[in-house]
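Dear colleague,

Please find below the structure I am handing over to you, followed by a summary of what was found in it.

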Amino acid sequence: MTQINEARAQAPGPDVAPLLQPLEIGRLRLRNRFVLPGMQRAWTVDGAPTERMREYYRQRALGGTALVITEACAVDHPSATSNSLFGWLTARTAGAWASCVDAVHSAGGAMFLQLWHQGAVDTGGADEGSGFVALSPSGLAHPDKPFGRAASAADLAAIRQAFVRSAVYARETGADGVEIHACHGYLLDQFLWPATNRRTDRYGGAAMSGRAAFPAEVIAAVREATGPDFTISVRISQWKELDYEAKIATTASELGQLVSILRSAGADLFHVSTRRFWTPEWDGSDLGLAGWVKSFTDAPVIAVGSVGLDVDVMATLEGEEARPTGDSRIEDLIRRFRRGDFDLVSVGRSQIGDPDWVAKVRDDRIGDIRPFRRADIAFL
């Protein structure tokens with residue numbers, strides 16, 4: 001080994017000590033600032049997680065991540081999903097999800113169950129005889145892509161109660177909280193996005209107060225049903241799976257209105273989904289979306305987006321192989337964390353690739369990390 005290479009081998013990696021500090025959210029105490037975000041693995045049978053799923057969550061908790069968030073679990077309503085690949089959270093499946101919670105707790109982690117409704121996105125799986133009807137704000141997955149029909153006021157009341165039932169089931173499993181999925185172009189996000197919310201009642205209109213009304217009602221109803229000590233995270237995004245350039249908030253002021261509405265409704269935590277955590281949200285500042293959200297709230301914020309990898313998750317799903325970014329992006333992540341842009345960080349594909357990713361970063365063993373490969377999620 002040359003002197004130069006030996007010096008490189010002995011050089012310390014990024015100082016991740018700030019991300020190893022514990023965090024308290026109400027009565028919940030997290031051992032560090034790393035999160036496994038919800039990502040579909042399709043290891044369910046009739047909506048219930050299998051032993052493989054349970055072990056997957058347990059291994060990431062053993063590997064050092066503080067908070068494990070399940071993949072999207074359809075809420076207890078017939079319109080929540082048409083695809084049997086997705087999990088469900090109902091009275092029938094709650095026991096199997098409880099076994100996942102127990103496994104994560106035994107490994108030293110905390111766990112949230114993510115509550116989701118597909119809205120007008122066609123996730124597949126429904127045949128003509130199934131009777132499935134997709135419900136959404138205006139029957140639109142995209143401005144030029146109709147699917148299903150607009151939900152009536154009675155439909156929305158029933159869906160709201162489905163979120164409540166599933167949240168109560170989550171609490172009964174022993175979970176530390178729930179994450180309400182309001183991003184990526186699915187039901188609650190379709191209310192927030194003007195392009196898919198054409199309603200003329202109190203749940204629509206040009207103002208953020210109208211578009212955010214139904215998501216806020218869902219959060220408030222879950223809060224009332226689960227009590228003040230059960231943690232509620234809300235996952236939001238600008239981008240949609242059908243439109244990467246979409247915006248629910250065209251200005252920082254509009255984003256601030258949304259954050260205030262959801263926080264007042266009962267949100268304890270904001271999980272801010274971006275395709276790349278380092279991308280500035282608006283001209284004139286290098287703040288990413290998470291940094292802007294944090295500037296408007298006292299609640300903790302989770303940042304996410306290609307941590308450890310050079311391409312975003314959608315590029316992976318479209319067939320592009322990601323490459324590890326090494327120290328440089330970790331250093332930028334820590335810089336932003338120290339600045340106060342966010343309080344926690346989600347690491348998705350990198351933890352799929354190596355369940356010990358957090359421990360290896362913590363122990364300055366970045367060179368030992370097994371790189372994520374697209375084949376790791378080959379089911380997609």
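For the helix pairs discussed here, an axis is a line fitted to C-alpha atoms over the stretch in contact, and the angle, from 0 to 180 degrees, is taken between N-to-C directions. On that basis, α4 and helix α7 (residues 213-226) pack at an angle of about 40°, and their axes lie 9 Å apart. Angles under 35 degrees count as roughly parallel and those from 65 to 115 as roughly perpendicular; α4 is therefore oblique to α7. The crossing of α4 and α7 is right-handed. On the α4 side the residues involved are L156, I159, R160, F163, V164, A167, V168 and R171, which meet F214, E217, V218, A221, V222, A225 and T226 of α7.

Please note that the model is predicted. Its mean pLDDT is 93, with 96% of the residues at 70 or more. Residues 1-9, however, have a pLDDT below 50, and this stretch makes 2 contacts in the model beyond near neighbours in sequence.

Helix α3 itself covers residues 94-106, 13 residues in total. From its first C-alpha to its last it reaches 18 Å, close to the 18 Å expected at 1.5 Å a residue. Buried positions in α3 are A94, W97, A98, C100, V101, A103 and V104. What do the buried residues of α3 pack against? Their partners are the strands β5 (48-49), β6 (67-74), β7 (87-88) and β8 (110-116), together with the helices α2 (51-62) and α4 (153-173). Just after α3, G108 adopts a positive phi of about 95°.

Finally, D229 is located in the loop between α7 and β14 (231-240). Is D229 buried, partly exposed or exposed? Its relative accessible area is 46%, so D229 is partly exposed, since that class lies between the 20% and 50% limits. D229 and D176 are 53 residues apart along the chain, and their C-alpha atoms are separated by 9.2 Å.

Yours sincerely

Definitions and conventions
Residues are numbered from 1 along each chain as its sequence is written. This is a predicted model: local features need pLDDT of at least 70, side-chain atom pairs count only at pLDDT 80 or more; totals for chains, interfaces and linings use all residues. Side-chain values use heavy atoms; hydrogens and water are left out. Helices (H or I, at least four residues) and strands (E, at least two) are DSSP runs, numbered from the N terminus. The expected span of a helix is 1.5 Å times one less than its number of residues. Buried means under 20% relative accessible area, exposed over 50%, partly exposed in between (1.4 Å probe, protein chains only). Contact means heavy atoms within 4.5 Å. pLDDT is the predictor's confidence in each residue, from 0 to 100. Angles under 35 degrees count as roughly parallel, over 145 as roughly antiparallel, 65 to 115 as roughly perpendicular and the rest as oblique. A crossing is left-handed if the near helix is turned anticlockwise from the far one by less than a right angle, and right-handed if clockwise.
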